[in-house]
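Take a walk through this structure with the model open beside the text. Follow each residue as it comes up.

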Amino acid sequence: KITLDHKSKNPISNYVFSLPTAECDKLSYLAARDTNKKELKVTNSKNANECSFAMTLPAASLNPVIQVEAVFVRALIPYPVEITQAERQLVRYFGSAYFYSPYKTLSQKTIIHLASRSIESFTPLKPSVNSDTQIIYGPYENVAGKSTFSLIKIIQKFLLNLANTKSDIVVHYENNTPFMTIKRLERTIEISHWGNVAVEET
């Protein structure tokens, strides 16, 4: 959930949501809605460093609230890579405690929901707390726009045991949920002369 505020107190009619390239490549779905749960029109673009999603609000206001839902694939890395059937399945999540944004963020909080209470380790940035199946980072105040985030660099530094930036996080936990991947999808759409539409996916 993102609450917008214009420094000059002018009404806000549009917003740009951004993701670093490493996350763009794993993005499967993205949608934005206003406080009335009305879906906003999103126009996306991409360059070498990031992908951007421009959205127009239905009515300009001083402090609009936008809810962005993004779904990523292959965001969890099994560790260890191979296990026996009797062993627990552990995975690693690499990310940033900071919200990646082209704008300055006055206050933010990151909540990571896990599939189990069994946590091997997580990056103890301050302030942060582990509560049941959640890890909460923040709140962090006055974070500059486009805070440095490189998923590849985070993983490389972690594997080489090098110092990370102040926002890099790694969560190692148990996740026994199967990881389903659709390798091939065929969709057949049939439109009748009377305007009826039938969709079949195999």
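Ile 191 touches Asn 196 and Val 197, leaving aside residues up to four places away in sequence. This is a predicted model. Ile 191 sits in strand β14, which covers residues 187–191. Is the residue buried or exposed? Ile 191 is exposed, because its relative accessible area is 62% and the cut-off for exposed is over 50%. Ile 191 also lies 41 Å from Ala 115, C-alpha to C-alpha. In sequence the two are 76 residues apart.

Now step back to the whole protein. Its secondary structure comes to two helices and 15 strands. The C-alpha atoms fill a box of roughly 55 × 50 × 35 Å along the principal axes. Of the 202 residues, 31% are buried. The accessible surface is about 13,800 Å². Carbon and sulfur atoms account for 52% of that surface. Take the contacts between residues at least 6 apart in sequence: 65% of them join residues at least 24 apart. Charges come next. There are 23 positive and 18 negative ones, and their mean positions are 8 Å apart.

Next, the interior. In soluble globular proteins, nonpolar side chains tend to be buried together. Here the largest nonpolar core has 15 residues. Which of them have the most contacts inside this core? They are Tyr 15, Phe 17, Leu 19, Phe 53, Met 55 and Ile 66. Strands β2 (12–20), β3 (27–33) and β5 each supply at least two residues of this core.

Look at Phe 17 in detail. Beyond residues up to four places away in sequence, Phe 17 touches Ile 2, Leu 30, Cys 51, Ser 52, Phe 53, Met 55, Val 68 and Phe 99. A second, separate core has 14 residues. Among them are Tyr 98, Leu 114, Tyr 137 and Val 143.

Leu 19 belongs to strand β2. Leu 19 counts as buried because its relative accessible area is 5%, and the cut-off is under 20%. Its contacts, again without residues up to four places away in sequence, include Leu 27, Leu 30, Glu 50, Phe 53, Phe 72 and Tyr 100. Leu 19 also touches both Cys 24 and Cys 51. Pro 102 is 83 residues away from Leu 19 along the chain. Yet their C-alpha atoms are separated by 9.4 Å.

Those two cysteines deserve a stop. A disulfide is a covalent bond between the sulfur atoms of two cysteines. How many does the structure hold? The structure holds one disulfide. Cys 24 and Cys 51 form it, with their sulfur atoms 1.9 Å apart. The angle about the S-S bond is -100°, and the link is left-handed.

Move on to Thr 105. This residue is found in strand β9, residues 105–113. Thr 105 is buried because its relative accessible area is 12%. Leaving out residues up to four places away in sequence, Thr 105 touches Phe 99, Glu 141, Asn 142 and Val 143. Phe 99 is also a contact of Phe 17. Val 143 belongs to the second core.

Asn 142 has its place in strand β12. Its phi is near 50°, a positive value in a residue other than glycine. Asp 132 also has a positive phi, about 60°, although it is not a glycine. Asp 132 lies in the loop between β11 and β12. With a relative accessible area of 42%, Asp 132 is partly exposed.

Finally, the cis peptide bonds. Where is the residue Pro 139? Pro 139 lies in strand β12, residues 134–143. The peptide bond from Gly 138 to Pro 139 is cis, with omega near 10°. Another cis peptide bond joins Lys 126 and Pro 127, where omega is about -10°. Pro 127 is found in the loop between β10 (119–122) and β11 (128–131).

Technical notes
Residues numbered from 1 in each chain as written. Predicted model: local features only at pLDDT ≥ 70, side-chain atom pairs only at ≥ 80, totals over all residues. Heavy atoms only, no water. Helix = DSSP H or I, 4+ residues; strand = E, 2+ residues; numbered from the N terminus. Buried < 20%, exposed > 50% of the residue type's maximum accessible area, 1.4 Å probe, protein only. Contact = heavy atoms within 4.5 Å. Areas by Shrake-Rupley, 256 points an atom, 1.4 Å probe, with all protein chains shown as cover. Lys, Arg positive; Asp, Glu negative; His and termini not counted. Charge placed at Lys NZ, Arg CZ, Asp CG, Glu CD. Disulfide = S-S within 2.5 Å. Core = buried A, V, L, I, M, F, W, Y, C linked by side-chain atoms within 4.5 Å.
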